[in-house]
Amino acid sequence: MEKKLDIELVKILTQPIVPPVLHYVTPRKIMGQSKWNKLKQEYLLLADHHCMICQRYVSHTPGDWLELHERYEYDFENLVQKLVGYVSICHECHMFIHQGLLRIQLKSGEISAENYQKILDKGNGLLRQFGLQKITYPSEEVFLSPDWKLDFDGKLYGK
Ligand SMILES: [Zn+2]
Ligand SMILES: [Zn+2]
């Protein structure tokens, strides 16, 4: 059966990179590894070998696994990153969302320039198809603010 792209899911690719101060304040840490693993398994079953964003078949062989990603909404005025759900997605879609990490991997040589470009091209292509754009921070100051909070199940967590 041909899987169709869903704009609401493709929209997840517009998610901006996580503000640095929240890198270590994650739902995974708050809920603990065993709960996280359970959730990951749950979404893996839901996804049924297909990336929930680009719908490509994911084989679950070394190097090709579905990854659990947290969906966030960003409030740039109140500096709140709110968890709104999860998706099970392929590595390329995941790295397109976490472009900050992708750039670090490029610099360290962990990925080639060719693969880096491939990931960007694929994500940008999907966004273009739906007339979407990656969300950007209103300013560098907002991005780097130490006051960002994670809203997880209605509770706020900060550094
Ligand atoms: Zn994908
Ligand atoms: Zn993620």
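**Strand pairing and its surroundings**

Modeller: F152 stands opposite K155 in β4. Strands here are DSSP runs of E of at least two residues, helices are runs of H or I of at least four, and both are numbered from the N terminus. Two strands are said to pair if DSSP finds at least two bridges between them.

This is a predicted model, in which local features need pLDDT of at least 70 and side-chain atom pairs count only at pLDDT 80 or more, while totals for chains, interfaces and linings use all residues. Residues are numbered from 1 along each chain as its sequence is written, and chains are lettered from A and ligands numbered from 1 in the order in which they are written.

β3 and β4 make a hairpin with two residues between them, and D153 in that turn has a positive phi of about 55°.

Taken together, the four strands form an open sheet in the order β1-β2-β3-β4, with mixed pairing. β1 and β4 are its edge strands, each pairing on one side only. Neighbouring strands of the sheet are turned by 40° against each other on average, direction ignored. Axes for such angles are lines fitted to C-alpha atoms, for helices over the stretch in contact, and angles run from 0 to 180 degrees between N-to-C directions.

α3 lies across β1 and β2, at about 55° to β2. Contact means that two C-beta atoms, placed from the backbone, lie within 7 Å. α3 covers residues 33-47, and its end C-alpha atoms are 21 Å apart, which agrees with the 21 Å that its 15 residues should span at 1.5 Å a residue; that expectation is 1.5 Å times one less than the number of residues.

Just after α3, D48 takes a positive phi of about 50°. H49, which lies in the loop between α3 and β1 (67-75), also has a positive phi, near 65°. H49 counts as partly exposed because 13 C-beta neighbours lie inside 10 Å. H60 is found in the loop between α3 and β1 too, with a positive phi near 60°. H60 has 10 other C-beta atoms within 10 Å, so this residue is exposed. With C-beta atoms placed from the backbone, 20 or more others within 10 Å make a residue buried, 12 or fewer exposed, and counts in between partly exposed.

As for the rest, the chain has seven helices and four strands, running α-α-α-β-β-α-α-α-α-β-β from the N terminus on. One of the helices, α6 (residues 113-129), reaches 24 Å between its first and last C-alpha, close to the 24 Å expected for 17 residues. G131, with a positive phi near 65°, follows α6.

Of the contacts with a separation of 6 or more, 68% join residues 24 or more positions apart. Buried residues make up 20% of the 159 in the chain. The C-alpha atoms fill a box of roughly 45 × 35 × 30 Å along the principal axes.
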